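Hi everyone, thanks for coming. Please have a look at the screen.

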Amino acid sequence: MNLLLGFIIISFMIFFFGNSRVTPEIAAILPSSPAQIAGLKTGDVLKELDGEKATDMSLMISKIHRSAGKELRIIIDRNGKELTFKAIPKLNPKFKVGLLGFSLKSVYQKEGLLPSFWIGA
C-alpha cells in the first residue's frame, strides 16, 4: 500500500510541478576553475565534448568525471558563434572524479497526466 501511495504522490508531483531536466547551457562557473581558465562563460551552450555530440548531459558529465588530468576538447555555442576550448578536469580527492568547475542549467518541463505516471514509475 505504501509503495502504491508513493508512486501516486511522485506521479502527481511530476504532473503539477514538472520533471527536472538538465540542459546543455552553462549556468555557473567557479572562480579559478579549469572552465574559467579555459575561457568558458555562463550562457555558453555545450555542443560537443571530446568528439561526442552533447545530446545526453548525463553522459557528458560522466565523461568529465572519468577524465581527471586529461585534456578535453570542448565546443560551445556563444551567441550563435561556435568556439573551441581545451580544459583539463581537476581531480576532486574527496569524490575521486574529474571536475571542470561549471554547472549546467536545470529546467522543469511540464508533463501530461499519463507521461507523469510513466515517469513516476
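From the N terminus on, the order of elements reads α-β-α-β-β-α-β-β-β-β-β-α. That gives four helices and eight strands. Both kinds are DSSP runs numbered from the N terminus: helices are H or I with at least four residues, strands are E with at least two.

A word on where this comes from: it is a predicted model, in which local features need pLDDT of at least 70 and side-chain atom pairs count only at pLDDT 80 or more, while totals for chains, interfaces and linings use all residues. Residues are numbered from 1 along each chain as its sequence is written, and side-chain values use heavy atoms, with hydrogens and water left out.

Now, strand 2, residues 45-49. Strand 2 runs antiparallel to strand 4, and four bridges join them; strands count as paired if DSSP finds at least two bridges between them. Val 45, for example, has Asp 77 in strand 4 as its bridge partner. Strand 2 also pairs with strand 3, residues 52-53, again in the antiparallel sense, over two bridges. There, Leu 49 stands opposite Glu 52. Two residues lie between the strands of this hairpin, and Asp 50 takes a positive phi near 55 degrees.

What about the inside? Of the 121 residues, 31% count as buried, meaning under 20% relative accessible area with a 1.4 Å probe, protein chains only; exposed is over 50%, and partly exposed is in between. The largest nonpolar core has 18 residues, and Leu 40, Ile 74, Leu 100 and Phe 102 have the most contacts inside it. Such a core is a set of buried Ala, Val, Leu, Ile, Met, Phe, Trp, Tyr and Cys residues joined through side-chain atoms within 4.5 Å. Among the elements giving two or more residues to this core are helix 2, strand 2 and strand 8. In soluble globular proteins, nonpolar side chains tend to be buried together.

Which residues does Ile 74 touch, leaving aside its neighbours within four places in sequence? Its contacts include Leu 40, Leu 46, Phe 85 and Leu 100, where contact means heavy atoms within 4.5 Å.

Finally, find Lys 70, in the loop between helix 3 and strand 4. Is Lys 70 buried or exposed? Lys 70 counts as exposed because its relative accessibility is 51%. Beyond its neighbours within four places in sequence, Lys 70 is in contact with Ala 87, Ile 88 and Pro 89. Lys 90 is 20 residues away from Lys 70 in sequence, and their C-alpha atoms are 8.9 Å apart.
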